[in-house]
Amino acid sequence: MKVKLSMSVTFLAIGTLILAACGGTATQAPADGDPLSGIIAVSGAFALYPMMTVWAEEFQNLHPDVQFDVQGGGAGKGMTDTLAGAVDIGMISRIIKPEEEAQGAFWVSVTKDAVFPIISADNPFAAEVLARGIPQETFAGIFVTGEITTWGEVIGKPEVTEEIHVYTRSDAAGAAEMWARFGGGDAQDDLKGIGINGEPAMVDTVLKDPQGIGFGNLNSVFDPGSGNIVTGVIVPPIDINGNGQADPEEVYTVKQDAFGAIADGTYPTPPARFENLATKGKPTGLVLAFIEWILTDGQQYLQQAGYVPLTPEQQTESLQKLK
């Protein structure tokens with residue numbers, strides 16, 4: 001297999017390949033009947049990175065002469081690389097902005113997932129948080145307005161004065177933007193807190209801080225193998241109906257529960273969101289063939305990897321947009 005994978009934020013140049021005039025490194029697909037060949041460079045959202053590696057491997061199994069360079073780095077990097085022509089496809093885990101479309105960004109939705117709040121399993125008030133849940137307005141007070149600063153305010157005990165250590169993302173991240181929107185903000189910059197660079201570092205920082213709170217993507221918060229919440233982390237329930245307690249349908253202890261809540265719309269949007277693939281202009285050739293495969297045969301790999309497949313109507317909408 002020649003799938004080059006990297007979570008680095010630095011683009012790895014590939015040999016002496018010359019960038020195509022339309023950007024990126026992918027060659028044009030040959031005429032029908034000929035095998036596909038070339039290199040597809042991809043970068044962007046940590047949220048979509050694990051799924052992209054699966055798609056790359058499966059597509060390469062079908063077309064051995066196609067190679068991939070897949071990197072993480074965050075949605076902001078993915079969009080910057082795409083618009084600069086440094087990669088063929090950007091993984092974007094947020095809404096594409098009008099100014100990005102004005103610069104030539106073309107995009108289609110390929111799956112759905114969500115962002116979840118996280119606290120440390122060593123949080124001294126974890127049991128009460130799990131029993132009560134945290135309503136949306138409290139998250140807004142913690143992350144956006146900064147009006148809520150102690151764990152006592154979260155659990156309804158004024159005598160508790162331990163402060164909340166708030167963490168956000170320092171890199172341009174779709175997860176951060178969607179979490180800001182959930183809290184009533186408009187953009188990632190609206191979030192308060194200490195900036196952490198990258199999804200893995202966010203989870204690691206929060207689990208080591210008993211008074212910390214942050215957020216993470218579905219496939220970072222839940223272990224890909226066991227489906228359980230990552231050891232050392234708790235997902236505090238969002239009190240969606242505002243009744244002051246965490247109802248069973250609001251509590252997610254395994255990935256399957258969270259997956260189901262995203263799929264059936266129980267989990268709110270935002271922080272649930274569509275994951276998108278962006279290109280500089282409408283894709284053609286090999287890149288188009290790959291994205292069309294993702295939207296058809298490639299959908300079968302989503303659920304096993306912990307992502308929510310598009311509905312038939314959503315698939316059709318994305319495929320029609322490519323024509």
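1. Buried residues (under 20% relative accessible area with a 1.4 Å probe, protein chains only) make up 53% of the 323 residues in the chain. Bear in mind that this is a predicted model, where local features need pLDDT of at least 70, side-chain atom pairs count only at pLDDT 80 or more, and totals for chains, interfaces and linings use all residues. Numbering runs from 1 along each chain as its sequence is written, and side-chain values use heavy atoms, with hydrogens and water left out.

2. On contacts (heavy atoms within 4.5 Å): take those with a separation of 6 or more, and 75% of them are between residues 24 or more positions apart.

3. Have a look at Asn219, which sits in helix α9 (residues 218–221); helices here are DSSP runs of H or I, at least four residues. Asn219 is buried, at 13% relative accessible area. Its side chain makes a polar contact (N or O atoms within 3.5 Å, one able to donate a hydrogen and the other to accept it) with the side chain of Lys255, at 2.8 Å. Beyond its neighbours within four places in sequence, Asn219 also touches residues including Ala305, Gly306 and Tyr307.

4. Then the aromatics: there are 16 pairs in the whole structure, a pair being rings of Phe, Tyr or Trp (its six-membered ring) with centres within 6.5 Å. Phe139 and Phe182 have ring centres 6.0 Å apart and planes at 55°, so they count as tilted, that is, neither stacked (under 30 degrees) nor edge-to-face (over 60). Phe139 is in helix α5 and Phe182 in helix α7, so the pair ties together parts 43 residues apart in sequence.

Methods
Buried means under 20% relative accessible area, exposed over 50%, partly exposed in between (1.4 Å probe, protein chains only). Helices (H or I, at least four residues) and strands (E, at least two) are DSSP runs, numbered from the N terminus.
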